[in-house]
Amino acid sequence: MRNDQPIKLPGTIRARPPEETWEALSGWLPFYGITRVARLTDLDVIGLPTWTAIRPASLTLSTSQGKGLTDDLARLSAVMEAIELWHVEQPLPVAVRGPAADVAPGCPVGALPLSGPVDEAALVRVVWDWTPAAGLVRGTSMLLPVNLVHRRAQRGDWSPDLLRATSTGLACGNSHDEALLHGLYEVVERDVLYRDALADGGLRVWVDPGTVDDLSGGEAVERVLQAGMQLELSLVEGPYGLPVCMAYLWSEDLPVVFAGGGCHHSPGIALTRAVTEAAQSRLTLIAGTRDDLPGDIAPSGAVMSRPARTGSLVCWGQAADGFGPAADSFTGQVRATAAAVEQVTGHEPAVIGLSQPGSPVHAVQVVCPGTGSRMTRTMPR
């Protein structure tokens, strides 16, 4: 039965409780190639639940991490991330092959995620495979290049390496709209952080961690501080009317700065996501199992264990004030967020459906032409 009403959970909202999702999903883990789900939490001193899901036969990453304020939520987070990657490894339906100028003249190819500067007059003549997509504002039927989903290693022996296929906008959920919403939030988060990077960090409002009075966000912050970590928090100003948070943490025993970001219509949930993601990044390094960990984490001789900033901080309540309430359904939240994206970018956001027949998981790739994201994996301080 479809549930469009969000259920409030610790640090997040979902369409159904985590124990129900796990019951529906656990029998499908072998189908998605997941052979093991493991708890990483106690490898570190912070204590924020962090889990990993392992897919030995993966064509992308063989381990996926997940975080949350409870073990149930963190375990599901890891499994959902692994399932997201499984979906983009599968063949997509190809509606047509040809250049945009001939088969998809309405596609704004110059506004799609590109690997570098490319002349749009040349882009419209590049021959690609195209897959069906649907607009999220007016439901417009459209075509998008398959290479927006498939990673470089999954493409043909020779194909123009012009489009960036990243996990931005890739999401799974208990329902189609739940997945859509979280894909949209991720696109907004990364575009806002991209704009902040272009402004040399000038869009950040630094927050005093000791003033966070949100129940879930406050719990995450308290665990980090009680573990002796240095912590910096900020809200990042953006054009979408949605709170985007950043968190940095580090310690003397592991003097590497770990970052996390989060976006949600609830400032407290955005903050919780940022803090738990930063803690997850630290645990990912400690566990050492992720395929794409860089060999050199920190520049030689760098001193990164200095105390966190204490000046020019604002209280959480002041920084988070002004964000309006969201619609009371996933569908309403998707419509409002998609409309905001179109207003900012001038392009209708779209979705490529990835779900498998009969699966309890809904999978989507949200594509928002005109948005940006970092070319590197770091979030510079």
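Student: In which strand is A134 found?
Tutor: This is a predicted model. In it, A134 belongs to the run of residues 127-135, which is strand 7.

Student: Is A134 buried, partly exposed or exposed?
Tutor: The relative accessible area of A134 is 31%. Buried means under 20% and exposed means over 50%. A134 therefore counts as partly exposed.

Student: Which residues does A134 contact, leaving aside its neighbours within four places in sequence?
Tutor: Contact requires heavy atoms within 4.5 Å. With those neighbours set aside, the contacts of A134 are T140, M142, P349, A350 and V351.

Student: How are helix 1 and helix 2 oriented to each other?
Tutor: Two packed helices are described by the angle between their axes and the distance between the axes. Helix 1 (residues 18-25) and helix 2 (residues 71-88) have axes 10 Å apart and pack at an angle of about 40 degrees. Angles under 35 degrees would count as roughly parallel, and 65 to 115 as roughly perpendicular. The two helices are therefore oblique to each other.

Student: What is the handedness of the crossing of helix 1 and helix 2, and which residues make the contact?
Tutor: The crossing of helix 1 and helix 2 is left-handed. Helix 2 contributes D72, L73, R75, L76, V79, M80 and I83 to the contact, and helix 1 contributes P18, T21, W22 and L25.

Student: Where around helix 1 do its buried residues lie?
Tutor: The buried residues in helix 1 are P18, T21, W22 and L25. Because they cover an arc of only 100 degrees around the axis, they lie on the same side of helix 1.

Technical notes: Residues are numbered from 1 along each chain as its sequence is written. This is a predicted model: local features need pLDDT of at least 70, side-chain atom pairs count only at pLDDT 80 or more; totals for chains, interfaces and linings use all residues. Side-chain values use heavy atoms; hydrogens and water are left out. Axes are lines fitted to C-alpha atoms, for helices over the stretch in contact, and angles run from 0 to 180 degrees between N-to-C directions. Helices (H or I, at least four residues) and strands (E, at least two) are DSSP runs, numbered from the N terminus. Angles under 35 degrees count as roughly parallel, over 145 as roughly antiparallel, 65 to 115 as roughly perpendicular and the rest as oblique. A crossing is left-handed if the near helix is turned anticlockwise from the far one by less than a right angle, and right-handed if clockwise. Buried means under 20% relative accessible area, exposed over 50%, partly exposed in between (1.4 Å probe, protein chains only). The arc is that of the directions from the helix axis to the C-beta atoms.
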